[in-house]
Each structure stands twice: as C-alpha cells, then as structure tokens.
Amino acid sequence: MNNHQANETVTKNLLDESDADKSKETVLRGPPKSVLPLNLENSSSFDFSFGSIEDSSTQDEHVCSEAAVAAAYMPTPSMPANPVPLLPLAALQIRPSIVRPLVTPQESNFPLSNLVDNSSRVYCPFRLKCGVTVQVGENVLEACPKILEQLNVDLVCCLHVLPASVRWLVRRTKIWVNRTYSYGPVNNPKSVNHTTAHHFAGWLMCVRDNPQKQESIEIYNAAEYQKMRLHYNGCGLILHELCHIIHQKTLPGGLDNAMVVEIHNKAHESGKYTKVLRRDWALKEVDTDMAYCIVNHKEFFAEISVSYLADFYHDVDGAGTTDMAKCSPPFVAPSIVDRIRQKAMDDQPRQHNNECRQKIPNGNYRVIPRIDNMVLPHCNKFFPFTKGQLRRYDPRVYKCFVRLWQYIECWEDDKRSNCGRCGSFDWC
C-alpha cells in the first residue's frame, strides 16, 4: 500500500468513526481556561521582554522568556468575575530598526511589461521579539504607527495556541506589509485590501511580484488589517494565514492532503456551511452568509483550524447557531459596537432617548468598549466561532481536525534551528 492509499484509508476510517474517541483529543498548549480573560494592567513586575522589536541583525541574540509568558497568564487575586483583559502595549518597548531594503528597485525581467510591476517594491526588515521578521513597505509606519505592535501581540497569541512543533516554522515565516497594493494591467489595475498566504514563487512571477515572498504572508493594506483583526478579537486573522503555511508544510501531500480534500467535500455536501452567521455583519439586515471555509479545501483547513484552536468563550458553546446575540463572543470592533449602541437606542421609548444617549447600551449583545491596550482570546469571524461550537455543530469535521492537529503536533521540523537557550519551554 503506497502513501496515497494509506492516507485515503485513514480518511475513510475517520469519516466513519463514532464519537467514542473524543477522549483521544490532543491538548494543545494554550492559556489555562480558568485564567482567561486576564488583566495585567497593574502588573508592573511582569517581564514583557517578549513584546519588543529588535534590529534584524540581532535575530539570533534574543532570549525567549518563559517567565514572561507564564506571567502573562498568571491570575490576579482581585480579578473581577468578567474582567477586560489588558496588556499594556507601551510595555512592548519598540526600538528603531536599522532600515535595510531587502529588495532594491530594478528593471523587471518578467516578460509581462503590461502588468503593474510589484517586484521592485522596497521593503525594510524589522524583527519582532517573538522571532518573526516583518518586511515593511514604504509609508506603512507613517500611516499605521502601531502595526508592528499589533502584529507582535497577534503573533505571540498565535504561538501560544499553536503546538510547539510548528513554532519554528511560524518564526521563519516572513510577513510583508504594504500601505496599499494594486496588481494587474497597468491601464486598469485592481486594488486589493485583504491578507493572503503565498505558497509558490511561480505564481508570484506570473503576476510580476517578488518571488522571495513564497511561503510567506502578505498584508496588502495595513490599515484594513488593523480593522479586520477586531472581528476575530485579535490574532484570528493572522492565525488563518499561518494555518495555510502549516497546511502546506506539515501535512502529507501538502495543500493536496487527501483527508482535508475529503472532509471539505463531505462538509460541502452536508449543507451546514451554506448559511452561517458572520460577526462583521452583526445587526445588518442580513447577518448570515456562505461560510468562507466552503470556497475550497485550502480555505476549509485554515478557517476550521481558527475555530478549532479557539478553545475559549465556553459560555457560548451550547447557545445555538442562529441568534448572533446569544452565540457570538463579545464584540470589540468599533463598527459593530456602534450598530449595537444605535439599535439599543432605537429600541428604547422615545421619552427616554436622552437618558439612553448618556449610557453605552448593548441590548442583548455582549460588548467590550474599545480599549487601545486590549488583548482578548481569539475567535473566528464565521460560525462556528469557537472550538466548543465546532464540536457540537459538526462532530464529524471536529473529529477529523482532532486527528489532523494530532499529526501536526507530532510533526518534526527538519529546518528547526538548535536553540539551547529556550530550554524545555520550546518557545521558538
């Protein structure tokens, strides 16, 4: 039996299994459930050294602080029942980096002179303390001065929910950040604002972009990333893209892994993902849409992985599937908070409008008012938003993802550098 046949056999067995093996679920490293959310506002003695940014020339000289991460999840004795978790971004202590362009302007060798030439864009490398190198495009920091802080916080959270086996892979995955980005014909370019994972150099060359971006992540619009990440309550957006890279590099068959293809087909046929809630449409006339995971098997793995790794917000696990107010984790995006406030005002009797406007009403929706230095556990933008909801909503998909992530947890990274300073914590 060859590897492909073996993989198909395992897939079939998984799809036909009963729920009897739930006890075999892998326990991924993450914050203790009893500790989240956390409040670090007054924890001046904590070591936040993991949050700074270093010059890329010192990338092998940092020390990963186990104490810092442990402290970040240390319960506060006086913590209220449902505190707003805070992590002072000022403690990240950003230091200027030596600016060295990775790519210098040059004439393109691609025979596609009628396309916008993005291969000559200039980027400056900044190495975050979490170990990830960010290639920053022109005028990004002027337009979005907090983008590096926010990326560092998001990546620290990603590293904390992902298994140790992929942390070095995450650490060597570069992130390219642009202020704006357009591609296509010079006389009719298309502007894009989303975030994406690049897998292969060939595609990048075909669209006249830099082939060095292969196996990396690109943020086409930094300001849009800062807004969209709030619909995931933080790191879920960048975690989605990292899961694309993990899919490509760790699973048998890479992006064409037979188990992922098969379970995507089964999920598509089930009809469960044809119409689901999406958090960024909360309180619009229509708050449901086709789940993004149905687009193709690659998006299926990334999207469902974000939900699977969101082992938080357990109070919404059994809250149903159709009522956004009941089954969504708290909202923090300003656009959604404003809609909720307006709805609450509209629902009040007219004579009480003046009194209502002096409050922050939220109706039946849970809202956390915008706080600049806030760090929350992530969730997904599309239902199922959390791991608990996935387990109840689609047990067959859930069981397959248990097995997929068990395999990833045991994956051996042959490119992992020997880092003897991190000890058993294996942070990098």
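Trp176 stands opposite Glu218 in strand E8, in a predicted model for which local features need pLDDT of at least 70, side-chain atom pairs count only at pLDDT 80 or more, and totals for chains, interfaces and linings use all residues. Residues are numbered from 1 along each chain as its sequence is written, and side-chain values use heavy atoms, with hydrogens and water left out. Helices (H or I, at least four residues) and strands (E, at least two residues) are DSSP runs numbered from the N terminus, and two strands are taken to pair if DSSP finds at least two bridges between them.

Strand E8, which spans residues 216-219, is paired with two strands that are described here in turn. Strand E4 (residues 175-177) runs parallel to E8 and is joined to it by 3 bridges, whereas strand E7 (residues 195-198) runs antiparallel to E8, with 4 bridges between them.

The loop between helix H6 (201-206) and E8 contains Glu215, a residue that is not a glycine and yet has a positive phi of about 55 degrees. Glu215 is partly exposed, at a relative accessible area of 28%. A positive phi, near 55 degrees, is also found at Asn233, likewise a residue other than glycine. Asn233 lies in the loop between H7 and helix H8 (236-250) and is buried, with a relative accessible area of 3%. A cis peptide bond, with omega of about 0 degrees, joins Phe383 and Pro384, and Pro384 is placed in the loop between helix H13 (353-356) and H14.

Side chains of opposite charge can pair when their charged atoms come close. The structure holds 14 salt bridges, each defined as a side-chain nitrogen of Lys or Arg within 4 Å of a carboxyl oxygen of Asp or Glu. One of them joins Lys213 and Asp209, with an N to O distance of 3.1 Å; Lys213 is buried at 0% relative accessibility, and Asp209 is buried at 0% as well. In another, the closest N and O atoms of Lys227 and Glu224 are 3.9 Å apart. Because these two residues are 3 residues apart in helix H7 (residues 222-228), about one helical turn separates Lys227 from Glu224, and Glu224 is partly exposed at 24%.

The side chains of Asp394 and Lys272 also meet in a salt bridge, at 4.0 Å from N to O. This pair links distant parts of the chain, 122 residues apart, with Asp394 in the loop between helix H14 (387-393) and helix H15 (395-409) and Lys272 in the loop between helix H9 (258-270) and strand E9 (276-277). Asp394 is buried at 5%, while Lys272 is partly exposed at 30%.

A search of the whole structure finds 0 disulfides, a disulfide being a pair of cysteine sulfur atoms within 2.5 Å. Cys130 is in no disulfide, and the nearest cysteine sulfur, that of Cys158, is 9.2 Å away; Cys130 is buried, with a relative accessible area of 3%. Cys158 is likewise in no disulfide, its nearest cysteine sulfur being that of Cys235 at 4.0 Å, and Cys158 is buried at 0% relative accessibility.

Technical notes
Buried < 20%, exposed > 50% of the residue type's maximum accessible area, 1.4 Å probe, protein only.
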